[in-house]
Amino acid sequence: SYFKDAAFIGDSRMQGFQNASGITQGTFFTSVGMSLSAMQSEAVIRTTEGNITVAAALSGNKYNKVYIMLGANDVYEVTDSERSEVFYEEYKKLVSSYKNLSSNPHAIFYICSVIYVEESKVEGGAYVNNANVDKINSILLQVCEEQGYHYLDLNEVLSNGYGSLIEGASSDGVHIYEKYCKMMLD
């Protein structure tokens, strides 16, 4: 019942969490491949009435808790300092706009870290590595510290202790199995 008044926003990893963690309440606004740039301009949330933007999905609803899991599809955005600064500014602006859309001015915003990957299994992405995950997480943490959001470091429970996803936690190195989604929920 704790999550009854919660909204969850995110990419395929948040969808996996919804499907495999055992969570039974809350409202999920997720889309495979969701990225910061897509959220700003595209209707990425499927509804029975058609696709809408995340902003439209949040607008007018009174959530007491909002969980955002974004960044896995944005790791290429932090490969140099100029792009990192742009990502930082855009992320800060996006979350602030969602906070302003909320019908509850006291809603608590939780920013979930980007979960590490198991690099040996990741295919087709030179940017998808744990060094870039660390970079993007440092930006997310900075936004949280500056804006008063809560940072949930999922790597505290999903890391092997050496800056990587727990070995065997994923078939593709990115999307985690049910056991690990339940660890996230805990």
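Guide: Helices (H or I, at least four residues) and strands (E, at least two) are DSSP runs, numbered from the N terminus. By that definition, the chain follows the pattern β-α-β-α-β-β-α-β-α-β-α-β-α-α along its sequence, which comes to seven helices and seven strands. This is a predicted model, in which local features need pLDDT of at least 70 and side-chain atom pairs count only at pLDDT 80 or more, while totals for chains, interfaces and linings use all residues. Residues are numbered from 1 along each chain as its sequence is written, and side-chain values use heavy atoms, with hydrogens and water left out.

Visitor: Why is Ser35 called buried, and why is Gly60 called exposed?

Guide: Buried means under 20% relative accessible area, exposed over 50%, and partly exposed in between (1.4 Å probe, protein chains only). Ser35 has a relative accessible area of 8%, so it is buried. Gly60 has 57%, so it is exposed. Ser35 is found in the loop between β2 (27-30) and α2 (36-41), and Gly60 in the loop between α3 (54-58) and β5 (65-69).

Visitor: Why does Gln18 count as partly exposed?

Guide: Gln18, in helix α1 (residues 12-20), has 31% relative accessibility and therefore counts as partly exposed.

Visitor: What makes Asn137 buried, and which residues is Asn137 in contact with?

Guide: The relative accessible area of Asn137 is 7%, and therefore Asn137 is buried. This residue is found in helix α5 (residues 130-147). Contact means heavy atoms within 4.5 Å. Leaving aside neighbours within four places in sequence, Asn137 is in contact with Ser113, Val114, Tyr151 and Asn155. On the same terms, Ser35 is in contact with Leu70, Asn73 and Asp74, and Gln18 with Ile23, Phe28 and Thr30. Gly60 touches Leu101 and Ser103, not counting residues up to four places away in sequence.

Visitor: How do you know how far apart in sequence the contacting residues of the chain are?

Guide: Among contacts between residues at least 6 apart in sequence, 65% join residues at least 24 apart. As for spatial separation, the C-alpha atoms of Gly60 and Asn104, 44 residues apart along the chain, are separated by 9.1 Å. For Gln18 and Val78, 60 residues apart along the chain, the C-alpha separation is 27 Å.

Visitor: What makes a set of residues a nonpolar core?

Guide: A nonpolar core is a set of buried Ala, Val, Leu, Ile, Met, Phe, Trp, Tyr and Cys residues joined through side-chain atoms within 4.5 Å. The largest one here has 57 residues, and those with the most contacts inside it are Phe8, Ile9, Val54, Ile68, Tyr91 and Tyr98. Of the 186 residues of the chain, 46% count as buried. In soluble globular proteins, nonpolar side chains tend to be buried together.
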